[in-house]
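Here is a short briefing on one protein chain. Look at the sequence and the structure, then read the points by topic.

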Amino acid sequence: TRRGIEHLAGQVGPNPGRGACAQGFLYFPMCAKHVRARVSSYGHSNPLSQFAGVTPFRNEYGEGSAFFAHRPEPGTKGNSQENRLNKFGSEWAFEIQVQCRFKKPPRGTLWFSCELRDGPMKLNLVTRALCRALLSLMQKHAAKQGVELRYSFGDANNHPSICVPVFAADRLVVSDAPVQLPVDTEEDRGTWHIRDGKAVPIDRSALKLEGGQHLTLFFATSYIDWNSWTLCNIPGVGNLNLTQFWGNQALHVVIFDEEAPNVDRHNFFELELASFPGRADLPESEAAKAAELSRTGTPTWESQGRDSEAAAVIVEEVILENSDASDDTETQSAEGGTQSQEGLSPGSYYSGEEDEPFEDVSDGSDDEYERAMERGTSYISTRILRNLNEMPSGHQSLLRPLSRDDCPVSEKGALKVVIPWYFCAGSGDLWWCIAYNEKICWRHDSQLRALCTVLGSASKTDTGSVQSLESTRREAEQLLTLGARASGLLEEFTNDDVILSSLLSAEVLGANRATVGVVEAEGRIVERNVHVIGDTLEWHMQIGRRKSKITIELDQLQMRSAKVADTEALFLTTREKRGYIFVLKSDYVERVRNMLERDSPATKVSEISVVSRTVALASCAGGAMSSLKALPKRAGQAVKGAAGAVTRRSFSKDLEHNTWKDPLRRWPAHRIVINNSEPYLAPPSEDPLSLSARLLRAAVGSQNLPGSMVHELTVLSGALKCAKLVELGPQDLWGFWVNVYHALLIHSQIILQRPKTLQAIVSFFNKCSYLVAGHVFSLVEIEHIVLRRHMSKPCVRLVRMILRVWPRSDDDLENRPCMAAPTCSASCFGVRADWRLNLVLNAGNFGSADALPVFEPCGQAAFNDSVQRAMNRTLSSCGSISKDAVELPYNLRRYRGDAPPGAGQEADRWARALLPQLAAGTKVSYSGTYNWQMREKLELL
């Protein structure tokens, strides 16, 4: 995958003014030296860019991320972070920030160490004496400040190293949750605790590190320049080249603790810093090859170890610059620096395995393919490069959306790429689940963003809200689906298997605490620390700076086994019929189950396959998850009470209760989302109109029935959350929304009881809502935003004070849903204008008919017959017809702007349209009153 991205980055074409070739295959920095930084993560080394890069890491004892910003050499360009490095007037050469979450409390002193591991220091009598003098001076200076400094020149048992306690750092920041790097402080020395998004100064002597805490360590100085690999501005000495002390060895920066000195050491973090030559430091022969590369755009170098290492560092810089640098050239369109506040740098994309030099494979024969695999090179990357090179002139830049003609069609045809899940790790990292070509794999946000940037995206991941993440998901799906037309691109990108269980934490924090992945919404998994307190289970959810405490009762808790994205999970059902999913490593399922079990009889464990065939995933529309969409109830809705509970409550009390608030804050706080209280386990319905008809019949049949039947209705209504509306025609779409309105009207009264006062009725229609196709719509919004979108406004005084709607643009409806749902155009949320709606739509009161129509898939004649029967029932219930006079329902007066065209007053036009055989001279009038009182029961026509 790395080589594929390298060649894609080469096709982007950096600005030739920066010393790169016209086609931009590789970019040689003009400085003499170039620092390479790598962060160790579970045995792999992930590159960390010096241009304000952020790279995640995780190991057995800790997890987090690292930030690195280095001042570039004079004459070179890059994200130098000038303001940051000069912030306190110190003119730092670099700054490193390390944020680590400790899976276990550190044992004793936490150390910060710089080590050499490739061999002893190369010291003669002079350099050894100089080192001793420098280190002794540093040791005495540290002792005056009460800091212990340890150093060693290396021996048979120990590496050359220098160690200081982490608490000796100039700046430390402690937080209970991950904080986006880089972190800014108001002073260059001190200790802070971040609470509610604000940094509060604290006494460092009182600081005690505990498991689960996040510690951010700052290290910045003006005395070391890693690009030139020198000690700078040493008093009385000047500058010293580090190679005269340890040659070309890499320096390892480690944060660790130990049982005793050099005994049972636990490494929480490890960073490798190495120096590599730039073009100015290349031998003459290699400089000539670089010049030939700049002229022809074709690599000419041999497969040499140093060249391949230099290429690795250089290509990282190419991708960083091309994906984030802002230039005035036609080939550059992305904006911003290499690191945003929302996402990690693309430099953290690459795996840490040592890559062998790229070798050209000229054609696609099987023998040559096998020979390429034996040499460890990538045949698919060669095909990608060849396909991109074969594009017509003018299509070389990929920093714009691709068209269908930009990439050749794959031999298997264009396959749909689906991103059914994203995972927010406890370290703050964001991972995406990609389903493509019958395969599921996980990729880091920086990896996906790097590829999407090359394919045409200029936006950055915004983790501030669920809607923003859903927008990123939809954009990435479109780009990856189009990118699949380039032969081998997606195959290469998804080649390495990364599974969800490998991303989950392996922590069980004592007998009553554990770290689990909580399914907070369809398509959303977040790592949370859950805690059993007595007979309750608690955890906290945080969206932005807002926190919500989730509490569920363990009494009569039912547990079943489940699978989410091919990973073991526990599906929990509470006594109030609330459902939650905890995703776990397979080794910890039983331990967490034992933590939650009580003395009450447990329900027999059964298997629920939440993910079945990934091939079905790849064919879903938009973000629909097919079998994977069979997701147990979003854990994010963990609030007290339950829709469909046996007990009924008054509507006014429910409006004041905290029962219906969404912890994820995806919609206005006053909404009561009826169908979001139970898990939806079935695949998305292929026929939304039939689904709405079944739901309406079930709602009418559930009136005055026990709570268990109401629970079944609530489960059925959950299917609306991922309804696929894009394939419905105008007639079926009209019937679907009328059915949904009537089902929500009855369902809400069953759950909350009928409102009795006018104030309660107004609140009822404004607050009772359904999730439909990923968006929340109240009764008022379904009627006035969807069904009456192209019709007249009601003739009511102070209508805006009575009808409360949540304004959303077409872009919001198409690209920013509240959950993972099929993509629908904005036209799916607005039906055609039809004046007959005024006599079909039923408000459930005595101002409307006493029976409801049910619209199902049918022809136009049958549809018109159903509409006519509904209008006749309304006329008979709310109006009167005699030989001499016609009294029309009051509702037609309120919407007299919808009267069919013709001569005369609106009332006369209504009468002629409804009663074609009406005799001339018949008196036509409107009913004088509108009865707001809700009917006890509604029937079906």
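Predicted model: local features only at pLDDT ≥ 70, side-chain atom pairs only at ≥ 80, totals over all residues.

Residues are numbered from 1 along each chain as its sequence is written, and side-chain values use heavy atoms, with hydrogens and water left out.

**The whole chain**

- The chain has 26 helices and 36 strands. Helices (H or I, at least four residues) and strands (E, at least two) are DSSP runs, numbered from the N terminus.
- Of the 941 residues in the chain, 57% are buried. Buried means under 20% relative accessible area, exposed over 50%, and partly exposed in between (1.4 Å probe, protein chains only).
- Take the contacts in the chain with a separation of 6 or more: residues 24 or more positions apart account for 69% of them. Contact means heavy atoms within 4.5 Å.

**The largest nonpolar core**

- The largest nonpolar core has 77 residues. Such a core is a set of buried Ala, Val, Leu, Ile, Met, Phe, Trp, Tyr and Cys residues joined through side-chain atoms within 4.5 Å.
- Leu725, Trp737, Phe765 and Val772 have the most contacts inside this core.
- Helix α18 (residues 730–752) gives the core its largest share, 14 residues.
- Which residues does valine 772 touch, leaving aside its neighbours within four places in sequence? They are Leu720, Lys721, Leu725, Phe736, Trp737, Val740, Phe777 and Phe829.

**Helix pairs**

- Two packed helices are described by the angle between their axes and the distance between the axes. Axes are lines fitted to C-alpha atoms, for helices over the stretch in contact, and angles run from 0 to 180 degrees between N-to-C directions.
- Angles under 35 degrees count as roughly parallel, over 145 as roughly antiparallel, 65 to 115 as roughly perpendicular and the rest as oblique.
- The axes of α18 and helix α20 (residues 779–787) come within 9 Å and cross at roughly 165°. The two helices are therefore roughly antiparallel.
- On the α18 side, this contact includes Trp734, Trp737 and Tyr741. On the α20 side, Ile782 and Glu783 are among the residues. The contact has 11 nonpolar residues, no polar ones and one charged. Here Ala, Val, Leu, Ile, Met, Phe, Trp, Tyr, Cys and Pro count as nonpolar, Asp, Glu, Lys and Arg as charged, and the others, Gly among them, as polar.
- Helix α16 (residues 688–701) packs with α18 at an angle of about 25°, with the axes 8 Å apart. That makes α16 roughly parallel to α18.
- The residues of the contact of α16 with α18 divide into 12 nonpolar, four polar and one charged.
- The axes of helix α9 (residues 445–455) and helix α10 (residues 466–483) come within 10 Å and cross at roughly 60°. So α9 and α10 are oblique to each other.
- Their contact divides into seven nonpolar, two polar and two charged residues.

- Glutamate 727 lies in the loop between α17 (707–717) and α18. Its relative accessibility is 63%, so glutamate 727 counts as exposed.
- Glycine 64 is in strand β4 (residues 62–70). Its relative accessibility is 3%, so glycine 64 counts as buried.
- Glycine 64 and phenylalanine 268 are 204 residues apart along the chain, and their C-alpha atoms are separated by 9.5 Å.
- In helix α26 (residues 906–914), the buried residues are Ala907, Arg909, Trp910, Ala911 and Leu914. Their cover includes α24 (860–878) and β35 (923–926).

**Backbone details**

- Most residues other than glycine have a negative phi, and most peptide bonds are trans.
- A cis peptide bond joins leucine 181 and proline 182, with omega about 0°. Proline 182 lies in the loop between β9 (171–175) and β10 (190–195).
- Asparagine 437 has a positive phi, near 55°. Asparagine 437 sits in the loop between β19 (430–436) and β20 (439–444).
- Aspartate 566 has a positive phi of about 60°. The place of aspartate 566 is the loop between β25 (558–564) and β26 (567–573).
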